Amino acid sequence: MDPILEVKGLVTQFFTESGVVEALDGINLTVYPSESVGVVGESGCGKTQTAYSILRILASNGKIMDGQVLYKGKDLLQLTESEMRQVRGKEIAMIFQDPMTSLNPVLKISDQMIEVIAMHRNVPENEAREIAIESLAAVGLSDAEDRIDEYPHKFSGGMRQRILIARALALRPSLLIADEPTTALDVTIQAQVLEIMKDMKEKYDLALMLITHNLGVVAELTDRVHIFYGGRVAEVATTYNIFTNPMHPYTIALLESIPSLDVAKGRLATIPGSVPQLINPPKGCRFHPRCKYAKDKCSKDIPIIEEKEKGRFVACHYWEEVELSDLAEDVIGQHKAKQKASN
Ligand SMILES: Nc1ncnc2c1ncn2[C@@H]1O[C@H](COP(=O)(O)OP(=O)(O)OP(=O)(O)O)[C@@H](O)[C@H]1O
Ligand code: SF4
Ligand SMILES: [Mg+2]
């Protein structure tokens, strides 16, 4: 099967007064139809800018310098701006990192949904209104017929996030990019929103690119994971393999940094050392200042991401020497127990 999305060698940079930010340095990423793919890594590793590069909505000081973004086989980087407008929303929808600012406070929900549905789905406004109400009801908004005419401030954070999911899905995209869809929400609401995302994904047979630093969410919702570090991809594997047999030292450090795989607690704690600055980033492997396996070669040569086992891609010179710590074993044990309980 061909991927629905294939990002190849994506290089994105930002031009600032202090220098060039090498935000994405050769990102490769694939999402297959109906698949749910996690994009995981610490703050500043390039998750959001990858999504923005795919949709070509970078800030004005950002530029895509190289690479391809193949969507259904077509390179989005070669499309005109008006062709690109047909892709955004209708083909690829995105839920943004901050749900509080994604809805315009001075417009009713109806005004923020109906027009865009009518345009993208090519239906009259009354039909678009019906579609909007249906999709709000599908994400659990009761009295959607009346509440659609309310303003965003009438809704809680969790409800607003549901509205954004409904708005994205009402356009029937083939691919949904969700950037930290639950991070801004409190714990009980997080679980409800995740449940809705799961239902919607199945109902509409969506492909999902889920950006998060919550490994509990990843374990729960994704089939495959891309681990990002410092604007590069460190490891790609099935979610099961990431949690039971991680190969990259950074992936192991991530597992060690979570106290529990519960969604409520699965956020990353601190990994020793700090995330790299992407103006003049470390040479060679960008993880080398924090890596306990680092040797001379690591500060000189960039490790190329390669398929080490079937479907398992790792960017590390010394991946064969990596061992699991007791802490990592603990998380692996939790994951296996959870899997067993849910089967
Ligand atoms: N407009 C900009 N100008 C300069 N640098 C930028 C700009 N936007 C993003 N960056 C830099 O690009 C890098 C990647 O940022 P990105 O937003 O993709 O991080 P992220 O992985 O989404 O992090 P978080 O988990 O905090 O959301 C960071 O170093 C960030 O500072
Ligand atoms: S290449 Fe070297 S520094 Fe980078 S992860 Fe592997 S061992 Fe660590
Ligand atoms: Mg981000």
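Glu 35 is buried, with a relative accessible area of 11% (buried means under 20% and exposed over 50%, with a 1.4 Å probe and protein chains only). The model is predicted, and local features need pLDDT of at least 70, while side-chain atom pairs count only at pLDDT 80 or more. Residues are numbered from 1 along each chain, and side-chain values use heavy atoms, without hydrogens and water.

Glu 35 forms a salt bridge with Arg 224, with 2.5 Å between the closest N and O atoms (a side-chain nitrogen of Lys or Arg within 4 Å of a carboxyl oxygen of Asp or Glu). Glu 35 lies in the loop between strands E2 and E3 and Arg 224 in strand E9, so the pair ties together parts 189 residues apart in sequence. Arg 224 is also buried, at 12% relative accessibility. A salt bridge also joins Glu 235 and Arg 312 (2.6 Å, N to O). Because Glu 235 is in strand E10 and Arg 312 in strand E12, parts 77 residues apart in sequence are tied together. Relative accessibility is 0% for Glu 235 and 1% for Arg 312. The count of salt bridges comes to 16.

Glu 127, Glu 130, Glu 134, Asp 143, Glu 145 and Asp 146 form a negative surface patch (residues with over 30% relative accessible area and no salt bridge, like charges being joined within 9 Å). Helix H5 gives the most to the patch, three residues. Asp 146, in helix H6, is exposed at 58% relative accessibility.

Notes. Chains are lettered from A and ligands numbered from 1 in the order in which they are written. Patches are made of residues with over 30% relative accessible area and no salt bridge: like charges are joined within 9 Å, nonpolar side chains (Val, Leu, Ile, Met, Phe, Trp, Tyr) within 5 Å. Accessible areas come from the Shrake-Rupley method with a 1.4 Å probe; for residues, only the protein chains shown count as cover. Lys and Arg count as positive and Asp and Glu as negative; His and the chain ends are not counted. The place of a charge is taken as NZ of Lys, CZ of Arg, CG of Asp or CD of Glu. Helices (H or I, at least four residues) and strands (E, at least two) are DSSP runs, numbered from the N terminus.
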